[in-house]
Amino acid sequence: MKNLSKLLLFLSFDFLFISCSEEENSPIASEKSSISFGAVLNDLLADKAAVKQAVNDLPACSDDDPSYVEIILLQDVVEVLGSPGEPFQIDLVAGETFTQYVPELELDPGTYSLDYFAVYNSAGELIWLAPRGGELEGFVENPLPLTINLGAGVKKYVDVPVLCYDERLVNEYGYLFFDLIPTELVDFCFFANFCKNSGRHFPAAFSLDIWLGTDDTGIQLYSNEENNVSTQGEDPSAEPLCIVLPDLAEFADDEDYIYYEITLLDWAGVYGDADASTLNGTLSREDIQAHFDGDEAVDYEHLMFGCSDGIITQFNGPLFDLITIPYGKILVADASAGIKDLYGNMILDLPGVNSIATVGTGNMWATTGPAEETPLDENQRLYQVLNNRVEKVVNLFEFEAAYNPDGADVNSNPFDVKAINENLALVVDAGGNDLLRVDNLGNIEVVAVFPPEVVSTDNVKNLVGCPGSGADLCELPPMMPAQAVPTTVVIGPDGYYYVGELKGFPAPTGEANIWRIAPNAEGAMCGSSADCT
């Protein structure tokens, strides 16, 4: 799941006051000094509602190199350089992030105020802007107006922070300092359950506070953030709460530097009043990075209020599939409701689901169908889940009715799905006796067909007590054809597809097959084609 968030890029320009002197406070004959600028880039998250409008007023970030700056410099209220209608322009040194020397910035000693500061690319497009008051000033240490105390005959550097906004993957965020070396900001999510004395699990409503450090005496990064909860639908649901944490290079991988507190909140109509209990903990870089699936997604930290270590979960069932996803989490295909986690929390509303296959974290394929084989259209579908949105890909019953690859009665019961990638999936249809390859546009290709085999009827006769029981099944012939009824598929380490059979009526013993199918097979008839053996 690629999580997109707004990104504020923070750039600090060094305001250089220069004359013949080489160091600040070194006296020279002239009483004049001059100003130039240099750059440092940092990333700051801007995902709070309070700053959304202010962020929209910023220029969009780009990979363009800065070319020049525009400034307005005051002394008291008098404009020394530049004006609102015509800011003063200063070129940057080629290939560098500080400005060239300009004689207009030779100034008398005194106190000045930088009232406006903007950075442009060579095409004259604004790429960075210094914040002046408002909500964004909290993102920088020294917002405008910036006071500059200029001594006599000195070379003076003054940091001027600027911002822009971007939308990119959380995993690509970075702090950039004077040498423009990036430090990541990483996405981190919390989810919680609450258990009453009866042992029943509920998704929890909670608030979050986070500090830099190992207790609540450090710098507070987040205060009283709350997760979103809902009572819409059949079951109450809660969303993970995701924030961004800095990956600070000065701490060792196993050194804790983030402290959090999670406080349980009341939830009327679900579990009622809570006792405001609080869970706390610390995180190291190893702890944070352990929740990431490469550059694609993040898995949440799962916390429990009042829950035992055991799993006490009631599912309505039937449960057709269990799969693991990164970091040991388990998903359940609960056909009565949808895809849930191991604690019964609803992940996706999808009644009839009988098989799921993930692609990373957050993206998956899923099949739905009837509880048993049927000649009717009863929700035999393939779905794709992208960023928690469920989209129907194709009606598998319609394909079976139109093409009927095995030539037997029209019957569809998609029973297992495996992801080839996020654009292709394999579906084994137990009713249609075939293996299908389906793309995300709903195009279907028959990979293999599983024909019936003639098998012994001894097993079913023994099960009903033949010959003494006199049951109707005792009249079956000694041998009869049985459908394959394929129910499972995996992609082997050799890239071939492996399909396992249930073997249909009369339920013989020792007759079920595992077929090995070439990945480039097209309509292979298993047992007679070299592509399915």
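Predicted model: local features only at pLDDT ≥ 70, side-chain atom pairs only at ≥ 80, totals over all residues.
Are C466 and C474 buried or exposed?

**View 1. A disulfide links C466 and C474.** The two sulfur atoms sit 1.8 Å apart. As for the opening question, both C466 and C474 are buried.

**View 2. A disulfide joins C189 to C242.** Take a look at the S to S distance here, 1.9 Å. This link is right-handed, with 105° about the S-S bond. C189 belongs to strand 12 (residues 185-195) and C242 to strand 18 (residues 241-246), so the bond ties together parts that are 53 residues apart in sequence. C189 is buried, at 3% relative accessibility, while C242 is partly exposed, with a relative accessible area of 33%.

**View 3. C526 and C532 form another of the three disulfides in the structure.** Their sulfur atoms lie 1.9 Å apart. With 90° about the S-S bond, the link is right-handed. Both C526 and C532 are buried.

**View 4. Three strands make up an open sheet with the order 38-39-40.** The pairing is antiparallel. Strand 38 (486-491) and strand 40 (514-517) form the edges, each pairing on one side only. On average, neighbouring strands of this sheet are turned by 20° against each other, direction ignored.

**View 5. Strand 39 (residues 497-501) meets strand 40 in an antiparallel pairing.** Four bridges connect the two strands. To get your bearings, look for Y498, which stands opposite R516 in strand 40.

Notes: Residues numbered from 1 in each chain as written. Heavy atoms only, no water. Pairing = 2+ DSSP bridges. Axes fitted to C-alpha atoms, helices over the stretch in contact; angles between N-to-C directions. Disulfide = S-S within 2.5 Å. Buried < 20%, exposed > 50% of the residue type's maximum accessible area, 1.4 Å probe, protein only.
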